[in-house]
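Subject: Structure handover

Hello,

Here is the structure for you to take over. Please open it first, then read the notes below it.

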Amino acid sequence: MDQKLKVGILGATGMVGQRFISLLENHPWFEVVKVAASERSAGKTYEDAVGGRWKMDTPMPEAVKKLVVFNVNEVEKVAADVDFVFSAVDMTKDEIRAIEEAYAKTETPVVSNNSAHRWTVDVPMVVPEINADHFELINDQKKRLGTTRGFIAVKPNCSIQSYTPCLAAWEEFGPKEVVATTYQAISGAGKTFKDWPEMVENIIPYIGGEEEKSEQEPLRVLGTYENGEIKLASSPKITCQCLRVPVLNGHTAAVFINFEKKPTKEQLIEKLREFKGFPQEAKLPSAPKQFIQYLEEDNRPQVKLDVDYENGMGVSIGRLREDSMFDFKFVGLSHNTVRGAAGGAVLCAEALTAKGYIQAK
């Protein structure tokens, strides 16, 4: 790419916004030129607006420290001079739907980490390795919005990333029933142990709305694009429990699965290791070379050892074995704020750029 695309970040001061800032430092295709947040942060430099709330392991990039924060509600001002925006705003769902459409109608593509538009009929919800073809929905969405280049695309919930790729890799064997329990890191709630000391040595067996997302969103990701909409996958049937655990980064899933056909363990592992999609074929900058790794050791995957696999963009699977009630069971691990949030959105933006949906204004 001869010239980098100019990027704005909506909700730039929050944890996912900070992760966007961190991931886009020295990105070969994208450059952050505008940051936007709530009215209370507007007018301050990004460094002052974040203050002592920088939550990343790496230092705040020098290039963004002196950027003046815009009010995210001043849509025309923020949309001016950017080629597209990433959205990580902290608002109600209705407010998010309205503001993301407002940006799209300024002819500014929106790549969102938020859940508000995940079930909007003509908004693609994409894990690029699995269903990049769903981006075709954008053509229908533009007709509704009356835009020529503006649209919204979203990535799915962080909690599904540690097992849904397996379901895609094993499609030919007909996954039909899945029971999953996810053990979710506190950064998924935008927290660190400093802000949430009650999570130390604790487990909370409830995360609002998470179980419904974990059961339903994979069916849209695994669905098919037909006649301007996504036809949900009819299987597998998924039931899920979601627990908050005292881990900073990394969502783990313990999964039981039944198949229509009866694969061997060796066949299942082979399919995991072979699985790839558009990001690998197009050699996108953030794409993991090996999307799914299978670990042979009985005590893997582990958060401390494996959460940063492929810079946090890969998925780690282990402990695949036959079960006494189900066909097989396994454990999955993914980085919830990289692959599951900002990194997944960056990969979506790279795929959209490679496919020509995002271009310089």
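This is a predicted model: local features need pLDDT of at least 70, side-chain atom pairs count only at pLDDT 80 or more; totals for chains, interfaces and linings use all residues.

Residues are numbered from 1 along each chain as its sequence is written, and side-chain values use heavy atoms, with hydrogens and water left out.

The whole chain

The chain has 13 helices and 14 strands. Both are DSSP runs numbered from the N terminus: helices are H or I with at least four residues, strands are E with at least two. The radius of gyration is 20 Å, close to the 21 Å that the globule rule gives for 361 residues, so the chain is as compact as a globular protein of that length. That radius is taken over C-alpha atoms, and the rule is 2.2 Å times the number of residues to the power 0.38. Along its principal axes, the C-alpha trace spans about 60 × 50 × 35 Å.

Of the 361 residues, 58% count as buried. Buried means under 20% relative accessible area, with a 1.4 Å probe and protein chains only. Take contacts (heavy atoms within 4.5 Å) between residues at least 6 apart in sequence: 76% of them join residues at least 24 apart.

Helix H1

Helix H1 covers residues 15–24; 8 of its 10 residues are buried, so it is largely enclosed by the rest of the structure. Among the buried ones are Arg19, Phe20 and Leu24. Their cover includes strands E1 (5–10) and E2 (30–37), strand E4, and helix H13 (338–354). Just after H1, asparagine 26 takes a positive phi of about 65 degrees.

Phenylalanine 86

Phenylalanine 86 sits in strand E4 (residues 84–87). Phenylalanine 86 is buried, with a relative accessible area of 0%.

The cores

A nonpolar core is a set of buried Ala, Val, Leu, Ile, Met, Phe, Trp, Tyr and Cys residues joined through side-chain atoms within 4.5 Å. The largest has 55 residues, and Tyr103, Trp170 and Phe330 have the most contacts inside it. Apart from it lies another core, of 46 residues, among them Ala49, Phe84, Ala88 and Ile358.

Best wishes

Note on methods
Buried means under 20% relative accessible area, exposed over 50%, partly exposed in between (1.4 Å probe, protein chains only).
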